[in-house]
Amino acid sequence: MNKSKLMIEASRKLSRDAGDLGFAGDVYCSYNPLEYAAVPHEKYLSLYAGNRKRVIFVGMNPGPWGMAQTGIPFGEIEAARDWLRLESEVKKPAVEHPKRPVEGFDCAKSEVSGRRLWGLMKNRFGTPENFFEDHYVENYCPLSFMAESSRNITPDKLPANERNSLFEVCDEHLRTICGILEPEWVIGVGKFAEKRIMAALKDGIAEGLYRHASILHPSPASPAANRGWDDVVIRQMQELGLW
């Protein structure tokens, strides 16, 4: 079986396993874009996950105006539509927050993190085919969480029992896709993602199968990211000997 088909199978399993978890406390609702945006997500896997990768970049979880809309990691609308060529049907989540509607590729908002990340890759590699020859982008957690106020809740802020159950599912998926794509480097987009990489892949790291690092997260909430994010990440990747 080719790698894209294995990745699609793994994605569907992650969607089911994460979707079966329950969340209480401050979580008013959660979105599972692997389910309602499965068409563009699986198109992403079919087009770009068919070969071995040297580097996998791992983000945290879907942003409300990125992957939550398009099903694509860091899936800023214009980048996912025009550069990655992934525009497809997006359905609705089972429970939709009135302040966080899912409008798919018709969403008028732009996710800054995704615009920065895919913008860098476009500027550096020119075409998606050039980028995905050696690289891949994945999110550690497939779910997006919202409070009743619509405030975003990151996975690390969930109650311990819910967080541990979620991390168990996500760790298993990360091990699975690394087994499929056989990367040399697994790089966290931000420190949270690198910590999860180190936990999920600790045996493989100890055996020398994988190397890990992190790059600066492109979120506008990070002052450092607002001072020339592209230049910082290019330097970080060069220091690792990867670019």
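Predicted model: local features only at pLDDT ≥ 70, side-chain atom pairs only at ≥ 80, totals over all residues.
Numbering starts from 1 along each chain as its sequence is written. Local features need pLDDT of at least 70, side-chain atom pairs count only at pLDDT 80 or more, totals for chains, interfaces and linings use all residues, and side-chain values use heavy atoms, with hydrogens and water left out.

Me: What makes β2 and β3 a pair?
Reply: Two strands (DSSP E runs of at least two residues, numbered from the N terminus) pair if DSSP finds at least two bridges between them. β2 (residues 55–59) and β3 have 5 bridges, in the parallel sense. Therefore they count as paired.

Me: Why are β3 and β7 called edge strands?
Reply: The open sheet runs β3-β2-β6-β7, with parallel pairing. β3 (135–139) and β7 (211–215) each pair on one side only.

Me: How many cavities of 30 Å³ or more does the search find, and what makes a space a cavity?
Reply: The search finds 1. A cavity is a set of points on a 1 Å grid, over the protein atoms alone, where a 1.4 Å probe fits but cannot get out. The largest cavity holds about 90 Å³, a volume being the space filled by probe spheres set on the points, which are joined across faces, edges and corners.

Me: How do you know which residues line the largest cavity?
Reply: Lining residues have an atom within 4 Å of a point. There are 14, and L14, L34, H41, E138 and H173 are the closest to the centre. α1 gives the largest share, 3 residues.

How values were computed
Helix = DSSP H or I, 4+ residues; strand = E, 2+ residues; numbered from the N terminus. 1 Å grid on protein atoms, 1.4 Å probe; cavity = no way out; pocket = protein on both sides within 12 Å on 5 of 7 lines; lining within 4 Å.
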